[in-house]
Amino acid sequence: MIANLVQLAAEEEQSPLVPPGPELLVGTIAFAIVFFFFWKKLLPNINKVLEERREAIEGGIEKAEAAQVEAQSVLEQYKAQLAEARHEAARLRQEAQEQGATLIAEMRAEGQRQREEIVAAGHAQIEADRKAASSALRQDVGKLATDLAGKLVGESLEDHARQSRVIDRFLDELEEKAEAGR
């Protein structure tokens, strides 16, 4: 084929598209050498670099996917911990409210008990004061009645035992009349 081209080139006048035969031969040999060099030396290096680049990209994608899965896992853990913390806070709030209500109830019961003690002590004091006043009043009324009776009768009624009986009987009759009138 090369010989045909060389012969064709020799027969025709020099065509700008077809180089002279020896140049064509040297060019073809040089192209074959360069092609062989590229094919044996450069092409494997280029393929190796491309393969490394592809693996790096795929590894980066895998790492990114792994990081995304891990981030999603951490997010789920965070959400779970947050939900647990919210439940714990709600539980603590509920306990505090219950304790507060219990404390209020206890304080009310204590206040009620103290109030009842104070009222009972007041009633006891009033009763004691009433008895003391009644006793003092009996003595005063008895003395006044004795003095008045002594002035009416004209004699002194100094017999203490008789005086006490008369006074007690008089006051008992007054109390009976007062109770019957109610």
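Here are some numbered notes on this predicted model, written for a first look.

1. **Ground rules.** Residues are counted from 1 along each chain as its sequence is written. Because this is a predicted model, local features need pLDDT of at least 70 and side-chain atom pairs count only at pLDDT 80 or more, while totals for chains, interfaces and linings use all residues, and side-chain values rest on heavy atoms, with hydrogens and water left out.

2. **The overall fold.** Start with the elements: the chain has three helices and zero strands, in the order α-α-α from the N terminus. Here helices (H or I, at least four residues) and strands (E, at least two) are DSSP runs, numbered from the N terminus. Helix α2 covers residues 21-153, and the side chains picked out below that are placed in a helix sit there, I46 among them.

3. **Surface and burial.** How much of the chain counts as buried? Of its 182 residues, 5% do. Buried means under 20% relative accessible area, exposed means over 50%, and partly exposed is in between (1.4 Å probe, protein chains only). The chain exposes about 15900 Å², with carbon and sulfur atoms supplying 62% of that. Such areas come from the Shrake-Rupley method with a 1.4 Å probe, and for residues only the protein chains shown count as cover.

4. **The span in the record.** UniProt, in an unreviewed entry, lists residues 24-43 as "transmembrane region". Positions from UniProt are given in the numbering used here, feature names are shortened, and annotations may be inferred rather than shown by experiment. In the model this span is 100% helix and 0% strand, and its end C-alpha atoms lie 26 Å apart.

5. **A nonpolar patch.** Look for V34, F37, F38, L42, I46 and L50: they form a nonpolar patch on the surface, with about 520 Å² of accessible area together. Patch members have over 30% relative accessible area and no salt bridge; like charges are joined within 9 Å, and nonpolar side chains (Val, Leu, Ile, Met, Phe, Trp, Tyr) within 5 Å. I46, for one, is partly exposed at 43%.

6. **Aromatic pairs.** There are three aromatic pairs in the structure. Rings of Phe, Tyr and Trp (its six-membered ring) pair if their centres lie within 6.5 Å; planes under 30 degrees apart are stacked, over 60 edge-to-face, and the rest tilted. F31 and F35 have ring centres 6.2 Å apart and planes at 25 degrees, so this pair is stacked. Both lie in helix α2, four residues apart, or about one turn. F31 counts as exposed at 58%, while F35 is partly exposed at 49%. For F37 and F38 the centres are 6.2 Å apart but the planes are at 50 degrees, so that pair is tilted.

7. **Salt bridges.** How many salt bridges are there? The count comes to seven, taking a salt bridge as a side-chain nitrogen of Lys or Arg within 4 Å of a carboxyl oxygen of Asp or Glu. E88 and R91 make one of them, at 2.3 Å from N to O, and they lie three residues apart in helix α2. R113 has two partners to check: E110, at 2.3 Å, and E117, with closest N and O atoms 2.2 Å apart. E117 and R113 are about one helical turn apart because they are four residues apart in helix α2.
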